[in-house]
Amino acid sequence: MRKPTFSIGGVHPHDSKISRECRVEPMPLPDSAYIAVAQHIGAPAKPLVAVGDKVKVGQPIAEPGGFVSAFIHASVSGTVKSIAPRADLAGNPVMTIEIAREGDEWMEGIDLSDTLVTEIPDDNKAILDKIRLGGIVGLGGATFPTHVKLSPPPGSKCERLIINGCECEPYLTSDFRCLLEKGEQVVIGAAILKQVLGGVPCTVAIEENKPEAIAHIGEVIARLRKQSPKYDGIEVMVMKMRYPQGGEKQLIDAVMHRQVGSGALPISVGAVVQNVGTALAVYDAVLKNKPLVDNTLTVTGECFPHQANLLVRVGTPLRTILEHLGGIPDEAVKVISGGPMMGKAVANLDAATLKGTSALLLLTEKQTARGEEGPCIRCGKCAEACPMGLEPFLLQKLSRIGDVEALEANAAQDCIECGCCLYSCPANIPLLDIIRLGKADAMKAIRERAAAAKAAAEAAK
Amino acid sequence: MKLLVSPNPHIHSKWSTRSLMTDVVIALLPAAICSVVFYGWREALVLAVSVLSCVGFEWLITRGLMKQKSTICDMSAVVTGLLLGMNLPFTTPWWMVMTGALVAIGIAKMTFGGLGQNVFNPALVGRVFLLVSFPAVMTTWVGPVHFADAYTGSTPLSSVNEAILNGTPVTEITSQYSYGSMLLANLGGSAGEICALALLLGFVYLCVRKVIKPWITLSIFATVALTSLIFWGVDSARFTDPAFNLLSGGLILGACFMATDYVTSPMSTKGGIIFGIGIGFLTMMIRYFGSYPEGVSFAILIMNAFVPLLNRWFKQKKFGRA
């Protein structure tokens, strides 16, 4: 049988998972942690501590700044040294809480033992509260606050929970290692999420290039199912390898054959998607009382001698991580936070990790150099590759001339910035770079129109 | 340490304009080699003059006239030159080949703004220019020289065309040809027409390498087969049969290598299929009712003009927008 995958576009970059055999190892604690208050989608969190305060690991140090926002916890114990803007990985200032570490003292009530807890409490409200208080956000890249995603707006109903274990970005292996080493916890986390969503069926989607994870999770589910009916209805789905399968809209299309409309949320087609790392964090928060203070990070690259999957405390400087593994090799010219297709190039190595930092990838000049731009030969490879069914060659032209109306009519706002168009373009036209600007203009026009309509409606009242 | 910072994606596929064009050249090689084997050094001369003058003219125009960086490294001029040469009889004099190359590169390609901007397939414009300017040379074909039964005279299609004009049954002509030999070689005609199997081999190579998608080509073949099946079914004495039409003339070269030219074919699969139907139908109309024996070149050029419209009308389905 043909393995399921999404229906439009996509590319097949070499998967380059060279760090797949590296077990997750704890990274030595940093001397100081730099914890940004804006590390999720939505409003930045508001600091709860003052300079000079003593904090313990797991202690909330910032509270949600709005409905779509999240708690932030101290990831090391010590003294709050400063609360001030600090350059993030792009060099932009972000309000950051600096903690000078002293020892490793955890808050009381946090269960740090390895004992596996398989009993899931029945009180969904209490579970949701623990997820919210645990500062859990989506760890698949978007860092959307998980408790918000788990509270569907009135009128919408969840029909399926999808646990995203695709890890379709080349090089990344942190989700793969979690599935292998913490398979039980991930499945229990999935069962918790499933229960909160009303006992809907759950699909764990894993791409075919991770056969060990597919086999292991299958066994784990079978084992847990014997213990409690709460583990019924969780299935592994083996996906065809294709980028960007882990994109939320693409994954829902692949698993449920439903397409989320333009500007709509997954819940509009009855889907909730959570990443493998998020499921693990949910297990920790709900059953171990452990808030999100660390996450798994892949450090990799062909030019890098010490591939690793590390358990890193949130707020560890990137430079510290790279130095722990022997420093940056001379051939490396680019450090990427995330994967090679959607990751961000790091401009400032003193920036610290965030909850959603999934990888540090080092590329050589040869690996990352863009060829010289040539004329468009109208081969249509960009349109073929676009997973949203857009026409990048056209959007690029419209962006260059600034035709916002035509950009909107041609759905520039639907672009998910996956990079497939630029990846495929034989003429090396910086399609996504330019379309991103046009997309911003189109989104702005849509927002302004919505705001004007709202104002007009208010005035009519 | 200095870090390189640029937006995503940070890696690129193996494709480049040059690699795609090189693949097309590789795909054309079997047929080109076959033609040189059949026709000998004069065929090699036609191909060489055509390729060299196309590349030379592009270099002269970009460097000499436009004072820009030369674009010959993208290999597209080589493809045009090879295609033009394969569309000409091996008896074409060298200066005529050069004239065709000048029209192809100078008029059809560079005046429109170079690679990617041309509306019409450059090699076909060059070929059609020579066809209407020097009809005698362009329609006299000499059979393969290495074979005992080499002949001078007309191609199957021009014999059929004469028969239709004279009112004699076409079966008298078509019965002279066996489809097996048509598929393999030895028909008389230009390099691009001589060995159908070699051309199809190249087409399969392009599809396997994902340089092109097969839809345009298959759509042309299907339309030609269907159209001729209908006409042949109605009057088999007047109209030639599907197999004859598929295997004769420049249909295979045109459908596999000229109609699939990126620049002058539609972007979407749907548009490509309509484009192919147009080419197939027009080809058959010209073959059956036109005064030229062969219609593929004209059909492709006519449909080239519709490409902007097809691109506008037939877009691929957007995600989540029914």
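Predicted model: local features only at pLDDT ≥ 70, side-chain atom pairs only at ≥ 80, totals over all residues.

1. α7(A) is mostly covered, with 12 of its 12 residues buried. Among them are the nonpolar residues A:Leu280, A:Val282 and A:Val286, but the buried set also includes A:Thr278 and A:Asp284. Just after α7(A), A:Asn289 adopts a positive phi of about 60°.

2. On the scale of the chain, chain A contains 14 helices and 17 strands. Its C-alpha atoms occupy a box of roughly 60 × 60 × 50 Å along the principal axes. A compact globule of 461 residues would have a radius of gyration near 23 Å; chain A has 22 Å, which agrees.

3. Burial and contact order can be read together. Of the 461 residues of chain A, 54% count as buried. Where contacts in chain A join residues at least 6 apart in sequence, 74% of them link residues at least 24 apart.

4. In soluble globular proteins, nonpolar side chains tend to be buried together. Here the largest nonpolar core has 231 residues, and those with the most contacts inside it are A:Val187, A:Ala190, A:Ile206, A:Ile217 and A:Val282. The largest share of this core, 10 residues, is supplied by helix α1 (residues 17-39) of chain B. A:Val282 also belongs to the buried residues of α7(A).

5. What surrounds A:Ile206, neighbours within four places in sequence aside? Its contacts are A:Gly165, A:Cys166, A:Leu179, A:Ala213, A:Ile214, A:Ile217, A:Val236, A:Val238 and A:Met239. One of these, A:Ile217, is likewise listed with the residues that have the most contacts inside the core.

6. In total, 50 residues of chain A are in contact with 30 residues of chain B. On the chain A side, β15 (332-337), β16 (344-345), α9 (365-368), α10 (381-385), α13 (420-424) and α14 (431-460) each supply at least two residues. The largest share, four residues, comes from β15(A). By type, the residues of this side divide into 29 nonpolar, 12 polar and nine charged.

Terms used:
Residues numbered from 1 in each chain as written. Chains lettered and ligands numbered in written order. Rg over C-alpha atoms; globule rule 2.2 N^0.38 Å. Buried ≥ 20, exposed ≤ 12 C-beta atoms within 10 Å, placed from the backbone. Contact = placed C-beta atoms within 7 Å. Core = buried A, V, L, I, M, F, W, Y, C linked by C-beta atoms within 7 Å.
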